[in-house]
Amino acid sequence: MRIVGKLVAFVLCAFVIGIAYADPTPADRKAVSSKAYVDTEVGTRQNKIPAANTNSGTPGVSVVTYTTTGNGTIGERGIYDNPNSYTEGTDANKLVTASALKGSVANLPTMTTSRLTCANPNTCSLWTLEDQQVYGDENNNGN
């Protein structure tokens with residue numbers, strides 16, 4: 001009886017070890033937790049986004065942009081954030097930060113214009129004129 005018990009234990013152990021080292025089946029490859037699935041599917045994913053300044057030659061900090069290429073190719077756009085050192089050749093195509101734009105907007109000329117506001121919201125058959133401040137040059141001379 002002891003021999004039969006050892007034989008059953010041996011067969012059971014061999015069966016479990018055989019399952020552990022078996023090649024993955026197609027069903028195994030679809031299981032997210034299997035190593036075979038991960039090894040197979042990682043190759044179909046988009047490449048990692050490369051370091052800054054490797055896509056378009058924009059110096060400094062940049063942002064990732066879409067491209068018209070559908071194979072995971074990305075674009076890059078520089079960020080302009082120093083209003084004291086604008087250079088048309090290198091800064092003209094960059095995105096502007098709010099802090100860089102703030103000084104420029106504060107110095108824009110303003111003018112007063114009129115706007116129409118509905119006086120009776122149900123039918124809007126009556127209107128009132130109200131003054132509003134807008135950015136612009138009253139003389140249209142560009143100064």
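## Tyr-80 and the E2–E3 pairing

Tyr-80 stands opposite Val-96 in E3. The model is predicted. Strand E2 covers residues 75–80 and runs parallel to E3. The two strands are joined by 2 bridges.

Tyr-80 is buried: its relative accessible area is 10%, and the cut-off for buried is under 20%.

## The open sheet

E2 and E3 belong to an open sheet of 3 strands. The strand order is E1-E2-E3, and the pairing is mixed. Strand E1 (62–65) and strand E3 (95–96) are the edge strands. Each of these pairs on one side only.

## The aromatic pair

The structure holds 1 aromatic pair. Its members are Tyr-80 and Tyr-86, with ring centres 5.6 Å apart. The ring planes lie at 90°, so the pair is edge-to-face; the cut-off for that class is over 60 degrees.

Tyr-80 is buried at 10% relative accessible area. Tyr-86 has 46% relative accessibility and counts as partly exposed, because that class spans the values between 20% and 50%.

Leu-129 sits in strand E5, which covers residues 127–135. Leu-129 counts as exposed, because its relative accessibility is 65% and the cut-off for exposed is over 50%.

Conventions. Residues numbered from 1 in each chain as written. Predicted model: local features only at pLDDT ≥ 70, side-chain atom pairs only at ≥ 80, totals over all residues. Heavy atoms only, no water. Helix = DSSP H or I, 4+ residues; strand = E, 2+ residues; numbered from the N terminus. Buried < 20%, exposed > 50% of the residue type's maximum accessible area, 1.4 Å probe, protein only. Pairing = 2+ DSSP bridges. Phe/Tyr/Trp six-rings, centres within 6.5 Å; stacked < 30°, edge-to-face > 60°.
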